[in-house]
Amino acid sequence: MESWLRSGLMLVSLALETVFGLNAGCECLVYTGTYGKEYGKFSTPDYPKSYPDNINCILYTFIAAPTEIIEINFRHFDLHPSSEDCSTGDYLRVYLELDSARVSELSPVTGLLCSALPSLPHLLYSSGSVLILELHTSHRPRNANYSGFVGTFRFIDTTKYEMEGNTAGDCDYQLLEAKSSSPAYLYSPRYPSSYPKNVRCTYTISAREGGRIKLLFEEMDLQRGDISCLLREDVVRVHDGVGPLSPVITFLCNQEAHAEILSTNESLFIEFTSTSVWPGHGFKAVYYFVHNSDSAKMDAKVGIGPAVSATMRHILVEAAG
């Protein structure tokens, strides 16, 4: 226990030394644990009272274990908006893709957050074990009372989300039926972290001869919006077959958890594309292989035969629960 405490203190000390060396004008807050609780908490100075003017720089630095990522959840966000692109006024500069607890002018900035954004991403996920938020505030009008932000953070173990199968490219997965009939999972890239910008991933699920595939999306959180999935920046397309030219069973976007799909043959092809500015959390899906009598019982339950299209089959399966 004593050695653990010593190593923990050393980690905090090293983190502080690294971060304080970045910018002499920055105040630095370092978070390396939640003290036995599921979530930790962070906020602007004096929250819920109005935060100070002219903050040159506050760095909120979150450091997890090497196999963990950081989840940030803004419970309340109220920074004085000055420009629509958040480049002036009061804003947060967000770093989600860091290799170490160090930022400079060359560090990759994920984006800027302020209250002027039409759709503020309340959940943020690091790509690795470090996440930094950089706060800047301006001189506000005397009657401009803004409370700032308060949020929670937690560390998520990524070793629980390893996917079976082989990769045919950077983000192309071949998922074959194994001898075991137990269910398996597939995930969006980087899950449980947010998926990258400008990514295209494919998943080909193949059953043994005569088998079929049942696919259930247990979690789905893509960039949100109110337009059709056909026009969304982040979308999942499920094809009834082995490739992108196979018939489309369904389009999924936004938050479509518990969408259930049943193939008509031995293969499903899932295509995921993302071009949004602020990617969502992603998706988690479980798939099963169905054979012979189980397949017939499933068709009988929804009252459909082999001549019904894959799209209609999907609709009827969902309606049957």
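Are C26 and C57 buried or exposed? Both are buried, where buried means under 20% relative accessible area, exposed over 50% and partly exposed in between, with a 1.4 Å probe and protein chains only.

The model is predicted, so local features need pLDDT of at least 70 and side-chain atom pairs count only at pLDDT 80 or more, while totals for chains, interfaces and linings use all residues. Residues are numbered from 1 along each chain as its sequence is written, and side-chain values use heavy atoms, with hydrogens and water left out.

Keep C26 and C57 selected: they form a disulfide with sulfur atoms 2.2 Å apart, a disulfide being a pair of cysteine sulfur atoms within 2.5 Å.

Now select C86 and C114, a disulfide whose sulfur atoms lie 2.1 Å apart and whose link is left-handed, with -75 degrees about the S-S bond.

Move on to C171 and C201, joined as a disulfide with the sulfur atoms 1.6 Å apart; with 90 degrees about the S-S bond, the link of C171 and C201 is right-handed.

Finally, select strand β13 (residues 199-206), in which seven of the eight residues are buried; helices (H or I, at least four residues) and strands (E, at least two) are DSSP runs, numbered from the N terminus. Strand β11 (residues 172-176) pairs with β13 in the parallel sense over five bridges, pairing being called if DSSP finds at least two bridges between two strands. Strand β18 (residues 267-274) runs antiparallel to β13, joined to it by eight bridges.
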